Amino acid sequence: MPELFTWEFATNPYPAYAWLRAHAPVHRTTLPSGVEAWLVTRYADARQALADARLSKNPVNHGAGSGRTGIPGERSADLMTHLLNIDPPDHTRLRRLVSKAFTPRRVALFEPRVREITDRLIDGFAGKGEADLIHDFAFPLPIYAICDLLGVPAEDQDDFRDWAGMMIRHGGGPRGGVARSVKKMRSYLSELIHRKRADLADDLISDLIRASDHGEHLTENEAAAMAFILLFAGFETTVNLIGNGLYALLVLPHQRAQLQSSIALGETALLATAVEELLRYDGPVELATWRYATTSITLGGQSVAAGDPVLVVLAAADRDPDRFDQPDLLDLARRDNPHLGFGHGIHYCIGAPLARLEAQYALSALLQRLPDLTLAADPDDLRWRGGLIMRGLRQLPVNFSQE
Ligand code: HEM
């Protein structure tokens, strides 16, 4: 039985996941927080669990434990009322309302802004010959993008960058600085919603205020919780998709050359399958999929008692050889790729179109403008954030010819 949650595991969890899939596919373990939970590692079981209505998302009635939602420092009852923490019928109502505001059309109209933000960030380091692609690129891009989309004024966006930086650096526990950052973000968003209500604009927060369903609107608290979860769920995930994706391309030169030449030819098909494959191969979300059994159930042949926490390990399911051909191979042109990187079922990621847009443009702009990027560290020396929730690098130092 491999040891879980060690430094080696944080660096490369895939051998441990292969062992679990083969020998203990629904495995009870003690998390570093002390909470006992079931880990689900096979693709078929994972997909079933994500869509199983007997597994509830609502932590309120299901015992203690910290960091369940993946939101460090999150404690206040009103912030808890967000999509990732509720079940139908409340989930159905809130999801319908937010879907009216956060439409694929709004995301598509946002493409020029994503290009501007990306290009501006690359301008910031292209003349230097070196950069940390997490700090200088993957980290700020999603925070500026989601702030823009929500309608946070440009002059306030650096505050979000600071608060988000605090959360990402110290994520996983409600430490003082993190709790303060969450509080500041929350009160800023409440005030912003209050102001926007009086002066609706063309942005997502205004659309959240406008959205109605059979005469029902979001309350101000619900709108604040919704804006917060969009920021929170859409931020570190996207940082890690871009960071993990760039890392994979830097250490696998053949795949990277294939993508680079396709981008140079102006093709988009390989870029689209590449982002899906990077989500499968080394996706951002490892365990952020808390659920609680509302009754005793059988999962992958294992009995799970009522009240037990169940964590679907997306990163393990997406390397299952029973579902994917040569799962440990990064095949950027992979066609049959129903990965679970964005989840599955009623909680399927609502931000997937935005994440895809950001990742596709980020990879293509960077590889095009800095074609000779090389990793400026030994891969073994790179540090992964040892969180259970997300998988991502702390730094990604690179060298390149100055632009
Ligand atoms: C849900 C992954 C980006 C907002 C989810 C879930 C996953 C996921 C796995 C389901 C969790 C579960 O079932 O327990 C990702 C990844 C992203 C990403 C890998 C980037 C690469 C975004 C973005 C946004 C967003 C950009 C918003 C701006 C949400 C929300 C939910 C969600 C609100 C909850 C939906 C619900 O419960 O109905 N995401 N996400 N995500 N995501 Fe994302």
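I am working from a predicted model, in which local features need pLDDT of at least 70, side-chain atom pairs count only at pLDDT 80 or more, and totals for chains, interfaces and linings use all residues. Residues are numbered from 1 along each chain as its sequence is written.

**Strands.** I looked up E1 (residues 26–30) and E2, and found them antiparallel and joined by 5 bridges; strands are DSSP runs of E of at least two residues, helices are runs of H or I of at least four, and both are numbered from the N terminus, while pairing requires that DSSP finds at least two bridges between two strands. Threonine 29 stands opposite alanine 37 in E2, and the hairpin of E1 and E2 has 5 residues between the strands, with glycine 34 in the turn at a positive phi of about 100°. On E2 I also noted parallel pairing with E10 (residues 309–312) over 3 bridges, where tryptophan 38 stands opposite valine 310.

**Burial of E2.** I checked residues 36–40 and found 4 of the 5 buried, so strand E2 is largely enclosed by the rest of the structure; buried means 20 or more other C-beta atoms within 10 Å of the residue's own, exposed 12 or fewer, and partly exposed in between, with C-beta atoms placed from the backbone.

**Tyrosine 247.** I located this residue in helix H13 (residues 220–251), and I count tyrosine 247 as buried because it has 24 C-beta neighbours inside 10 Å.

**Helix H10.** I listed its buried residues as Phe160, Trp163, Ala164, Met166, Met167 and Ile168.
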